[in-house]
Structures are given as structure tokens and as C-alpha cells.
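User: I have a new model to go through and I'm still learning. Can we take it step by step?

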Amino acid sequence: MTSPGSAPGPLDLAPVIPVVIIDDVESAVPLARALVAGGLPAVEVTLRTPAALGAIERIAAEVEGARVGAGTVLTPDQAKAAADAGATFLVTPGCTETLYAALRDTGLDFLPGTSTVSEVLRLRELGVRDMKFFPAEASGGAPYLKSLASPVPDVRFCPTGGITPASAPAYLALPNVACVGGSWMLPSDAVASRDWPTVQALAREASRLRDKTAGGTPA
């Protein structure tokens with residue numbers, strides 16, 4: 001959720017938001033620099049490891065041009081901890097009333113997770129217009145989101161979950177998809193060996209995915 005007149009939100013920065021799992025805080029800064037250099041400035045660090053908050057803090061302090069966010073936010077305490085660590089946006093897999101209130105109270109941009117029309121309408125009633133669609137492929141994929149564009153034209157989505165470089169263009173061609181989330185530009189072997197040039201090259205390819213939608217037909 002982005003306030004009117006505010007700086008561009010995370011959905012507006014690039015066609016892909018990298019979804020990052022960090023096990024080693026020391027790899028956070030070079031990894032984020034590789035993503036930013038490749039054209040992907042919004043970096044979602046998932047709160048799935050003990051290193052996540054430290055990684056967010058390091059990226060926020062040391063990586064110029066990065067917009068670091070926290071993903072897999074499940075509780076109000078996690079929302080506050082991520083904000084305190086320097087996150088600029090928050091992402092959840094789903095959303096309850098309690099969690100929504102905590103996200104709002106941080107004052108940060110946030111992408112609450114949805115997978116049904118009722119969830120979309122409930123958040124829309126609260127004023128939310130930017131949402132995560134998760135798990136995207138398991139919940140109907142691009143055809144499902146295409147079916148929502150007409151009845152709910154003022155809501156934008158960042159679909160995440162099972163998306164690949166091959167399937168991403170079909171999502172990005174939809175009028176209600178601002179960007180997608182994925183981790184394919186962070187292959188485990190490259191991250192483990194600290195092969196940041198490979199990460200940067202894959203990020204650069206991901207940053208150009210919207211070009212592949214030109215003249216295409218959405219799924």
C-alpha cells in the first residue's frame with residue numbers, strides 16, 4: 001500500500017521483485033548490490049532465517065539504490081522488528097485484521113497477501129490497492145488474475161509463488177499486474193559460491209522481462 005503523492009512503491013521500481021532467503025548476513029550486502037546493479041532495486045528478504053533481520057539492517061545501511069523489504073511477515077512483532085531494522089516495505093503471504101493493523105501502523109508500504117476474490121475485496125474496503133497474489137501458480141496463475149482485471153480494475157498485484165522466467169511475461173502482460181516476485185535469479189549454487197556476477201547477469205535478464213510482453217497475448 002502506497003499513500004497518494006508518496007514516492008514510488010516497490011511495485012513501481014522493476015518488473016521483478018527478487019525474493020531472497022539469506023542464511024549468512026555477510027552475503028547480504030554483495031548479493032543486494034548484484035541485484036541492484038542488475039536493475040532490480042526492490043529486494044524482499046524473507047523472515048525465514050535467523051539472519052534475515054541482520055541482513056535487512058546491513059542492506060538498508062550499506063547498499064545504495066536498494067529498497068529493501070521484509071517478506072513472509074506473519075505477526076505484528078515481525079512487522080515492527082522489520083521496520084526497526086530498516087525495511088522500507090513489508091510483504092505477507094496472507095492477511096488478518098490484526099496483521100493488517102500492524103502493517104498500517106508501521107507507516108511503511110506493504111503488500112498483503114491474497115488468493116481469493118473475497119480477500120481482495122476485504123482489503124480493498126480498507127483502502128489497499130496494491131496486493132500480493134500468493135501462491136500464484138497454485139491459485140490459478142495468470143488466467144485467474146486476468147479474470148479479476150475487469151471486476152476489480154483498481155487493484156494491482158505482485159504475483160509470487162512458482163513463477164519462472166518463462167511464465168513471468170504472461171503475468172506482466174496483464175493490466176492488473178505491476179510486477180512479479182521470484183527467486184530464479186538467485187540460484188543456490190551461485191549464492192553459495194558467492195558468484196555475484198552470475199546473480200547480476202540473471203537480475204539484468206529479469207529486469208528486461210517486460211520487454212517480452214510487447215505484442216504478446218496474456219495467458
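This is a predicted model: local features need pLDDT of at least 70, side-chain atom pairs count only at pLDDT 80 or more; totals for chains, interfaces and linings use all residues.

User: Which residues of α1 are buried?
Analyst: A28, V29, L31, A32, A34 and L35. Buried means under 20% relative accessible area, exposed is over 50%, and partly exposed is in between (1.4 Å probe, protein chains only).

User: What do they pack against?
Analyst: The buried residues of α1 pack against β1 (16-20), β2 (42-46), α2 (52-62), α8 (188-192) and α9. Contact means heavy atoms within 4.5 Å.

User: How do the axes of α1 and α9 meet?
Analyst: The axes of α1 (residues 28-37) and α9 (residues 196-207) come within 7 Å and cross at roughly 35°. Axes are lines fitted to C-alpha atoms over the stretch in contact, and angles run from 0 to 180 degrees between N-to-C directions.

User: Which residues make that contact?
Analyst: P30, L31, A34, L35 and A37 come from α1, and W196, V199, Q200, A203 and R204 from α9.

User: New topic. Where is T72?
Analyst: T72 is in the loop between β3 (67-71) and α3 (76-85). Its phi is positive, about 55°, although T72 is not a glycine. Most residues other than glycine have a negative phi.

User: Is T72 buried or exposed?
Analyst: T72 is buried, because its relative accessible area is 16%.

User: And R194, where does that lie?
Analyst: R194 lies in the loop between α8 and α9. R194 also has a positive phi of about 55° and is not a glycine. At 38% relative accessibility, R194 counts as partly exposed.

User: What joins F134 and P135?
Analyst: A cis peptide bond, with omega about -10°. Most peptide bonds are trans. P135 sits in the loop between β7 (130-133) and α6 (141-149).

User: Last one. How far apart are S183 and T160?
Analyst: They are 23 residues apart in sequence and 9.5 Å apart in space, C-alpha to C-alpha. S183 is in the loop between β9 (180-182) and α8.

How values were computed. Residues are numbered from 1 along each chain as its sequence is written. Side-chain values use heavy atoms; hydrogens and water are left out. Helices (H or I, at least four residues) and strands (E, at least two) are DSSP runs, numbered from the N terminus.
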